[in-house]
Amino acid sequence: MLSKKWNERRERYDFVVIGSGYGGAITAARLANANVSPKPSVCILERGKEWPVGSFSNSAEGYAANLRADGNPLGLYELLNFDQISVLKGSGLGGTSLVNANVAIRPDKEIFELGGWPKALTLAELSDYYALAEETLNVMAHPRAAALAKVQALERRAVQIGGHAQHLPLAVNFTKGPNPQGVHQEACTGCGDCVTGCNVSAKNTLYMNYLPLAQKGGAEIFTQVKVESIEKTADGWLVHGRWQETNSKSKKFSLAAGNVILAAGSINSTEILLRSAELRKLSVSPALGTRFGGNGDFFGLSYNGDHNHNPRFRYAAGVACRGRPAWSHHCGHGAAQQRRYDSQPLCD
Ligand SMILES: Cc1cc2nc3c(=O)[nH]c(=O)nc-3n(C[C@H](O)[C@H](O)[C@H](O)COP(=O)(O)OP(=O)(O)OC[C@H]3O[C@@H](n4cnc5c(N)ncnc54)[C@H](O)[C@@H]3O)c2cc1C
Ligand code: SF4
């Protein structure tokens, strides 16, 4: 287990990191391992629980039981429905990396040229950091991608429109053994369960790399700790929240911090800031909570095709999304999904 018992916490940390997804885990790992003196004390507060390899459910009943809700605050998946957007995310040590599709591509240069980004953020400026993250997440293309039926399907379609399918870089481990953080990982079996949680230990979630790195550097990790608001004090911050001992039992806490890193995901970080403005008089921008957008632009479906992409199923069907017909994900969105729809998703 990576997390410590809640009653072992200190009264104050130099850095309190809220959330253990990519934003929180990477920041905590870099702060805890920074070559500075004196060494700062760092802790991570994660509202979800720790999900060791082998603990992910593999049945429809299990997924339903793991849906996070008011009465089930330790659930793994959170589905938030707003007027114009719905958001699915993970809740647990490792954040949404526990249940995402492992695709690790760099954004196009043009993304940074869209209005709204700070001028200092350019692809060129960030490229060394992307390389470092790719190295730590052990990103690589599927070594046998060209042999996968769905990649062949994508290649056929790509050729029809004058291109070729690219094999996506994935945060997946394809060889058995200890990774650079000393965590033993098995090789990917291609089971396709990435989005419901990898029980093989092949998926390079943050639980396999950045979180062990943070812990090695001295960061203290606490789970089942939900931050509700933050308050500015004369010499730093007070972090207020609840320690969720079980699904039905919780206790309030306040923790002192020199600095707070808010990395609870775009929705929940916004929620904490808005609540802090209301309850703790924190000054925030009036733009906070506006201009959200999704990253999946559309889905395209095909069925009754000439080729079966998965010999286990009778019907040939495909799903392509985000207008990227020439890209493929290595194993689909999960065997369970395929079982339910008799179809084969073709990309992330
Ligand atoms: C099904 C699915 C598939 C995806 N596939 C891909 C993909 O293939 N490639 C890709 O690049 N992206 C993918 N994504 C998106 C990607 O996973 C997210 O963009 C990324 O995880 C966001 O990182 P984050 O650190 O901002 O937030 P998160 O990873 O969501 O982490 C936030 C953490 O903060 C915790 N938290 C929230 N509120 C509190 C609180 N009040 N107190 C304490 N802790 C709190 C949460 O429990 C969570 O652990 C996918 C997402 C989903 C849902
Ligand atoms: S395909 Fe299976 S073994 Fe491979 S990373 Fe996904 S869940 Fe793990």
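Figure 1. The model shown is predicted, and its secondary structure amounts to eight helices and 17 strands. Of the 348 residues of the protein, 36% count as buried.

Figure 2. The shell around ligand 2 holds 13 residues, of which C188, C191, C194, C198 and V200 come nearest. By residue class, this shell divides into eight nonpolar, three polar and two charged residues.

**Figure 3. Helix α7 and the length it spans.** Helix α7 runs over residues 265–280, and its 16 residues reach 21 Å from the first C-alpha to the last, which is close to the 22 Å expected at 1.5 Å a residue. Just after α7, K281 takes a positive phi of about 60°.

**Figure 4. The buried and exposed sides of α7.** The residues of α7 that count as buried are G265, N268, I272 and S276. Seen down the axis of α7, these buried residues fall within an arc of 80°, and they therefore line one face of the helix. S266 and E278, by contrast, are exposed on the other side of α7.

**Figure 5. Strands that cover the buried residues of α7.** Among the elements covering the buried residues of α7 are the strands β1 (12–18) and β4 (86–90), together with β11 (225–233) and β13 (250–262).

Definitions and conventions:
Residues are numbered from 1 along each chain as its sequence is written. Chains are lettered from A and ligands numbered from 1 in the order in which they are written. This is a predicted model: local features need pLDDT of at least 70, side-chain atom pairs count only at pLDDT 80 or more; totals for chains, interfaces and linings use all residues. Helices (H or I, at least four residues) and strands (E, at least two) are DSSP runs, numbered from the N terminus. A residue is buried if 20 or more other C-beta atoms lie within 10 Å of its own, exposed if 12 or fewer, and partly exposed in between; C-beta atoms are placed from the backbone. A residue is near a molecule or strand if its C-beta atom, placed from the backbone, lies within 6 Å of it. Ala, Val, Leu, Ile, Met, Phe, Trp, Tyr, Cys and Pro count as nonpolar, Asp, Glu, Lys and Arg as charged, and the others, Gly among them, as polar. The expected span of a helix is 1.5 Å times one less than its number of residues. The arc is that of the directions from the helix axis to the C-beta atoms. Two residues are in contact if their C-beta atoms, placed from the backbone, lie within 7 Å.
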